[in-house]
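Keep the structure open while you read.

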Amino acid sequence: MSISPEHDPTSSRPVTIAFSGPDNVGKTKQIGILARRLGPGGHATGPLDDHDPRWDRIKSTGMGAWWFERGPMEEVVDVLASSYLERSRRPTTAPVRLMDRGIPMLEASLAATVAVRERLSPAEAAERAGKLLEPYTADLRSAEAAEHGIVLLHDDDPVIGTSRSLSHERHVTPIYADYQRHLHLQVHRLADEGRWAEAIVIGERRVVAVQDEIRRLLHPITPLVPARALPGVRVIALGGMSESGKSTAGEYLRVRHGYARLKIGYLIEATAQPAGIAYPYEIPAVVRAELLIDGLDRYCAAHHFLGHVTIESLHDQDATTELRKMLGEQLTVVYVDATPEVRAERGTAGPEDVVERDAVKARRGAAGIAALAHEVVDNNRGRLHLERRLDGIALAHRWPLRQPSSAPVNTLGLPVHLESYLSALLDRTTFQQPPVIDLLAVTGSGARGKYQHGWSDLDVFVVAGQESIPGIRRALAELEAELGGVKLGLTVLTQDECRTGAVTSRLLHVLALIGSGGLVPLWCRPGLALPAPDAASDVAASVEAGVQAAIEIRRQLVKGAPDLRALFKITALLAKVMLRFEGTERASDDDALGVFLDREPGADPGLRREAREHRDKAIYLANIVLGHWLSTIALPTSRA
């Protein structure tokens with residue numbers, strides 16, 4: 001259990017947040033990001049060697065040798081303990097004080113040091129460190145009680161953690177490697193004893209994801225710490241040469257997919273000025289990346305409803321590298337590529353002027369960004385190609401890829417001759433290598449066990465490449481007689497169409513059902529992964545289906561003798577669409593229509609059944625459902 005007290009928000013004393021952990025775990029980076037975000041409200045206390053004048057002599061003669069070999073152990077203890085205590089005593093006017101290494105790290109560091117110097121076991125080293133620190137016990141306990149401690153760990157396993165710490169070093173001596181091994185063991189021991197209020201395992205997570213967890217833990221301690229850090233925000237960073245189409249790409253993502261469109265220069269300059277940085281483009285790349293993250297964090301915190309943004313334009317390879325390190329999977333770097341000739345056509349200069357204008361440095365930076373990009377989008381082939389590629393990039397974040405399961409044909413409850421037909425179709429399209437198709441599923445009433453002979457169609461959904469069309473056509477021709485007069489409705493989509501959302505609203509709903517497990521295919525190629533559209537996308541796309549259904553109902557109603565079957569089905573579709581907007585899914589036609597009949601005063605409950613057989617009943621039912629649809633879009637009558 002942590003000995004760190006809960007902070008009293010009414011107290012005038014600063015809140016002290018002490019970050020601990022082994023080497024290369026990211027303590028300094030996390031403190032720097034949080035301190036910049038807090039501005040005047042936060043103060044980073046700096047390194048320990050700022051708090052004892054003896055460090056200058058120690059560093060001039062070689063710190064490593066003093067620490068592990070020459071320095072008397074009592075001197076090492078006194079220098080370290082004095083530095084920790086002096087840092088704790090030093091006053092600050094900032095309401096939040098951020099420390100690199102809390103008091104428990106003193107004990108862990110000393111235990112690891114004596115373990116190396118005196119060849120002790122971890123338990124013996126811990127006992128020896130405790131005795132060495134006894135003269136300072138009272139002061140150390142008081143200082144530790146004033147800290148809210150957070151320990152960052154590379155991994156739950158100290159052996160793995162040691163390996164990760166050492167992997168960040170260019171050169172590792174045997175003594176340093178042994179010290180790191182012992183340091184990890186001691187830090188994990190103290191964490192298990194509850195010496196820190198919070199323990200965070202870094203694992204493979206990136207900097208911003210860890211910062212987000214830190215803030216979630218600290219915000220209840222002091223509201224000065226923001227509650228989150230870019231939580232779940234997806235960032236598309238656009239790079240490319242001038243006139244390549246970056247702005248076009250950013251604007252399309254804003255209009256079509258709702259991305260907020262931000263400028264990198266604005267974000268950096270907005271955060272550099274309060275930080276006292278006059279020339280932000282002359283500072284190291286890592287600092288520029290941190291300024292950009294800080295600006296992005298502030299903007300998204302002020303616009304908390306944002307889930308995805310674009311930033312443009314990337315011009316610096318080194319800063320882009322740092323940005324990827326910090327954001328990880330939250331970031332997608334997109335390089336928009338176009339030839340000098342194409343860029344010249346879109347701009348005001350000729351090809352030679354474009355090359356002259358971009359300059360050697362810019363071209364090298366662009367080449368480096370292209371090498372770092374997650375996606376390189378060819379913008380030489382026109383706007384339609386560019387937009388479909390951008391659709392795929394945007395939807396990849398919203399629609400997770402999932403591998404469908406499959407179920408045998410006899411689970412559908414279809415008539416025997418249709419089961420035989422589907423089995424034969426699968427034989428002809430999946431048994432050869434490679435298979436002709438990637439996936440086959442029955443949709444509609446046949447998938448729900450609601451098939452009615454003489455009324456229902458056999459609706460089949462297939463995913464296959466365009467090159468598979470001749471093979472599918474041959475299989476259908478060979479089996480046509482086995483349908484027994486049943487109308488086959490076959491839809492074929494490519495995987496690329498699925499992933500870019502180039503589908504109708506009905507087919508998007510099919511993909512959503514497959515992704516959620518609500519529709520189980522009869523067969524899918526091993527390893528096949530299809531996008532699973534989210535519920536919001538499914539509902540939004542349903543507007544298109546509702547508009548088409550309302551128009552088709554009126555087409556039928558104006559006929560002297562509407563097609564009974566077509567009118568009933570399109571009426572049921574409109575009912576399903578409206579219910580989907582209410583968060584209710586009714587796969588059955590009868591169930592969906594029943595909801596609206598229940599809402600209609602005086603309606604005959606048997607109307608659903610009668611509407612399948614009597615044209616006048618079908619017309620009456622269609623008018624009921626169409627009336628509900630029209631009531632949702634009725635505008636107030638304008639007054640003269």
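## Serine 109 and its surroundings

A polar atom in the side chain of serine 109 lies 2.8 Å from the backbone oxygen of methionine 105. The model is predicted. Serine 109 is located in helix H5, which covers residues 103-117. Its relative accessibility is 7%, so serine 109 counts as buried. Apart from neighbours within four places in sequence, serine 109 is in contact with Tyr179 and Leu183.

## A cluster of rings

Tyr179 also belongs to a cluster, where ring pairs link it with Trp55, Trp66, Trp67 and Phe68. The count of aromatic pairs comes to four. One of them joins tryptophan 55 and tryptophan 66. The geometry there is edge-to-face, with 5.9 Å centre to centre and 70° between the planes. Tryptophan 55 is in helix H2 (residues 54-61) and tryptophan 66 is in helix H3 (residues 63-70), so this pair ties together parts 11 residues apart in sequence. Tryptophan 55 and tryptophan 66 are buried.

Phenylalanine 68 and tyrosine 179 form an edge-to-face pair. Their centres are 5.3 Å apart, and the angle between the planes is 70°. This pair links distant parts of the chain. Phenylalanine 68 sits in helix H3 and tyrosine 179 in helix H9 (residues 174-192), 111 residues apart. Both phenylalanine 68 and tyrosine 179 are buried.

## Two arginines with positive phi

On either side of H5 there are loops to look at. Arginine 101 lies in the loop between strand E3 (96-100) and H5. Its phi is near 90°, a positive value in a residue other than glycine. Arginine 101 has a relative accessible area of 26% and is partly exposed.

Arginine 119 is in the loop between H5 and helix H6 (122-132). Here phi is near 55°, again positive in a residue other than glycine. Is arginine 119 buried or exposed? Arginine 119 is exposed, with a relative accessible area of 77%.

## The five-stranded sheet

Five strands form an open sheet with parallel pairing. Their order is E7-E8-E6-E9-E10. Strand E7 (260-263) and strand E10 (375-378) stand at the edges with a single partner strand each, so one side of each has no neighbour in the sheet. From one strand to the next, the twist averages 25°. Strand E6 (residues 234-239) and strand E9 (residues 331-337) run parallel and are joined by five bridges. Isoleucine 236 has threonine 332 in E9 as its bridge partner.

Helix H13 (residues 285-302) packs on this sheet, touching E6, E7 and strand E8 (308-314). The direction of H13 makes about 150° with that of E8. Helix H17 (residues 383-398) lies across E6, E9 and E10. H17 runs at about 160° to E10. Strand E8 holds serine 313. A cis peptide bond joins glutamate 312 to serine 313, with omega of about 5°.

## The four-stranded sheet

A second open sheet has four strands in the order E14-E13-E12-E15, with mixed pairing. Strand E14 (488-493) and strand E15 (523-524) are the edge strands, and each pairs on one side only. Strand E13 (residues 458-463) pairs with E14 in the parallel sense over six bridges. Valine 462 has valine 492 in E14 as its bridge partner.

Two helices pack on this sheet. H18 touches strand E12 (439-443), E13, E14 and E15, and its direction makes about 15° with that of E13. Helix H21 (residues 505-516) touches E12, E13 and E14, at about 75° to the direction of E13.

Threonine 430 is in helix H18 (residues 416-430). With a relative accessible area of 8%, threonine 430 is buried. Its side chain reaches the backbone oxygen of leucine 426 at 2.5 Å. Beyond neighbours within four places in sequence, threonine 430 is in contact with Pro435, Ile437 and Trp523.

Proline 434 lies in the loop between H18 and E12. The peptide bond from glutamine 433 to proline 434 is cis, and omega is near -5°.

## A charge over a ring

Arginine 599 lies over the face of phenylalanine 596. The distance from the ring centre is 5.1 Å.

Methods
Residues numbered from 1 in each chain as written. Predicted model: local features only at pLDDT ≥ 70, side-chain atom pairs only at ≥ 80, totals over all residues. Heavy atoms only, no water. Phe/Tyr/Trp six-rings, centres within 6.5 Å; stacked < 30°, edge-to-face > 60°. Buried < 20%, exposed > 50% of the residue type's maximum accessible area, 1.4 Å probe, protein only. Lys NZ or Arg CZ within 6 Å of the ring centre and 35° of its normal. Polar contact = N/O pair within 3.5 Å; in protein donor to acceptor, adjacent residues only side chain to side chain. Contact = heavy atoms within 4.5 Å. Pairing = 2+ DSSP bridges. Axes fitted to C-alpha atoms, helices over the stretch in contact; angles between N-to-C directions.
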